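Thanks, everyone. Please have a look at the sequence and the structure, and then I'll walk you through some contacts.

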Amino acid sequence: MTKEIRNHPSWIEINLNQFKKNISIIKNYLGKTLFCLPIKANAYGHGLRAIGKASEDAGVDYLAVAHLQEAIKLRESNVNIPILVLGAIHEDQISDLIFYNLEFTLSSKFKADLVSKHCNKIKKNAIVHLEIDSGMQRTGVRPDTFPSFFDYVNRLEYLNVRGVYSHLVNSEIFADQTTTEQIDCFKSLTEECLNGHLGVLRHIANSGSIQNFPNSFFDMARPSLITFGYSRNKELKALSEIAPCFSLKSKISYFKVVNKNQGISYGHSYVTDKQTRIVTVPVGYGDGYRRCLSNKGFVLIRGKRFPVVGTICMDQLMVDIGDEEAYVGDEVVLIGKQDNEEIPVEEIATLCNTNIHEVLCFFNGRLPRVYT
Ligand SMILES: *Cc1c(COP(=O)(O)O)cnc(C)c1O
């Protein structure tokens with residue numbers, strides 16, 4: 001047993017072999033299109049440093065993160081492949097972005113001027129990607145101003161434009177009209193502007209679009225959720241071996257027999273209708289197992305499904321195992337597989353009324369990540 005599990009009763013287990021297998025399947029599927037893996041938000045909860053290193057080892061071409069701090073952590077973990085910072089940068093981050101050899105996004109002349117000025121001072125180049133807003137209304141320059149912006153940045157000293165990219169709004173919907181328009185807009189704009197600028201990478205694809213829009217690949221793609229094992233389009237043969245690599249596990253910390261008509265946990269939101277066996281599991285909403293799963297979620301013990309009963313506490317929750325047998329120390333699976341049963345992340349997402357991305361991000365740093 002690793003030190004992490006000895007010191008904390010619950011853990012997230014990441015199957016790195018499956019993760020690397022997913023990478024290799026997607027690499028093949030993308031063909032000559034470069035593979036950029038976004039690993040923002042602690043690598044979708046999987047652990048930034050270990051996932052960064054494993055991705056590099058498995059042959060990913062590029063990593064992407066949202067913020068400078070995430071990129072610095074990767075460089076400090078000896079990740080040496082290109083890293084693209086997607087989020088808007090601030091003036092006081094420019095020196096570190098260049099010091100750590102990071103590529104970053106520009107979506108305004110104002111920031112481009114600041115970067116060029118700084119680079120002029122230190123006599124070093126910055127490698128940048130320009131973002132086009134093709135429909136998110138988040139960051140990026142408007143399509144009609146992109147041609148002049150592209151020209152402007154190209155004329156600035158010490159700025160090396162390595163990529164032009166955009167982000168899709170609805171790519172998980174097959175043949176979606178907005179997505180089709182976004183891809184068409186991106187295609188025609190980049191064809192018009194990049195003519196003669198060899199080596200500028202065009203990228204717009206994410207997990208949804210590589211499954212639903214084969215015309216979204218361009219020079220580089222940024223599929224993340226699917227690399228962590230969550231594919232929606234089960235018909236795509238080439239991706240059928242993709243599988244999740246994330247499990248949430250714990251061990252029973254307490255066992256008791258509870259009489260009929262006893263309320264369980266805060267507020268007594270669950271009352272026993274017969275004498276039953278209740279086990280306590282040391283996971284709570286303080287770890288990211290959401291309180292809204294109270295009286296809704298299920299866990300696996302000894303290969304069987306049992307309901308979470310009563311209000312989930314910050315550090316613990318209770319499970320009704322009826323007449324079944326279980327002992328203190330038995331493994332509890334809250335997400336993942338046990339024997340022939342499974343609690344998929346999708347089930348938690350549905351119960352919490354959200355998407356898989358958000359469920360994976362719920363789980364914070366209190367839970368140790370164990371890599372197998
Ligand atoms: C997070 C992110 C992605 C990856 O999205 P998935 O749906 O997980 O594939 C791609 N591009 C940008 C700009 C992102 O922020």
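A salt bridge here is a side-chain nitrogen of Lys or Arg within 4 Å of a carboxyl oxygen of Asp or Glu. Keep in mind that this is a predicted model.

Let's take one example. Glutamate 103 and arginine 162 form a salt bridge, with the closest N and O atoms 3.5 Å apart. Glutamate 103 is in strand 5, residues 103–106, and arginine 162 is in strand 7, residues 159–165, so this pair ties together parts 59 residues apart in sequence. Are the two partners buried or exposed? Glutamate 103 is buried, at 5% relative accessible area. Arginine 162 is partly exposed, at 26%.

How many salt bridges does a search of the whole structure find? It finds 14. One of them joins aspartate 330 to arginine 302, with the closest N and O atoms 2.8 Å apart. Both residues sit in loops: aspartate 330 between strand 17 and strand 18, arginine 302 between strand 15 and strand 16. That pair therefore ties together parts 28 residues apart in sequence. Aspartate 330 counts as buried at 15% relative accessibility, while arginine 302 is partly exposed at 42%.

Next, lysine 304 and glutamate 324. Their salt bridge also has its closest N and O atoms 2.8 Å apart. Lysine 304 lies in strand 16, and glutamate 324 in the loop between strand 17 and strand 18, 20 residues apart. There is a network too: salt bridges link Glu13, Lys249 and Glu331.

Now the rings. Seven aromatic pairs turn up in a search of the whole structure. Why is the pair of phenylalanine 186 and phenylalanine 218 edge-to-face? Because the planes stand at 90°, with the ring centres 5.1 Å apart, and the cut-off for edge-to-face is over 60 degrees. Phenylalanine 186 is in helix 9, and phenylalanine 218 is in the loop between helix 10 and strand 9. Phenylalanine 186 is buried at 0% relative accessibility, and phenylalanine 218 is buried at 14%. Ring pairs also link Phe19, Tyr44 and Phe228 into a cluster.

Charges meet rings as well. The charged end of arginine 290 sits over the ring of phenylalanine 362, 4.5 Å from its centre. Arginine 305 lies over the face of phenylalanine 298, 5.6 Å from the ring centre.

Last stop, strand 3. Tyr62 and Ala64 point one way, Leu63 and Val65 the other, and all are buried. Three bridges join strand 3 to strand 2, running parallel. Three bridges also join strand 3 to strand 4, again parallel. Strand 3, helix 5 and strand 4 make a right-handed β-α-β unit.

Key
Residues are numbered from 1 along each chain as its sequence is written. This is a predicted model: local features need pLDDT of at least 70, side-chain atom pairs count only at pLDDT 80 or more; totals for chains, interfaces and linings use all residues. Side-chain values use heavy atoms; hydrogens and water are left out. Rings of Phe, Tyr and Trp (its six-membered ring) pair if their centres lie within 6.5 Å; planes under 30 degrees apart count as stacked, over 60 as edge-to-face and the rest as tilted. Helices (H or I, at least four residues) and strands (E, at least two) are DSSP runs, numbered from the N terminus. Buried means under 20% relative accessible area, exposed over 50%, partly exposed in between (1.4 Å probe, protein chains only). A charge sits over a ring if NZ of Lys or CZ of Arg is within 6 Å of the ring centre and within 35 degrees of the ring normal. Two strands pair if DSSP finds at least two bridges between them. A crossover is right-handed if, with the strands pointing away from the viewer, the path from the first strand over the helix to the second runs clockwise.
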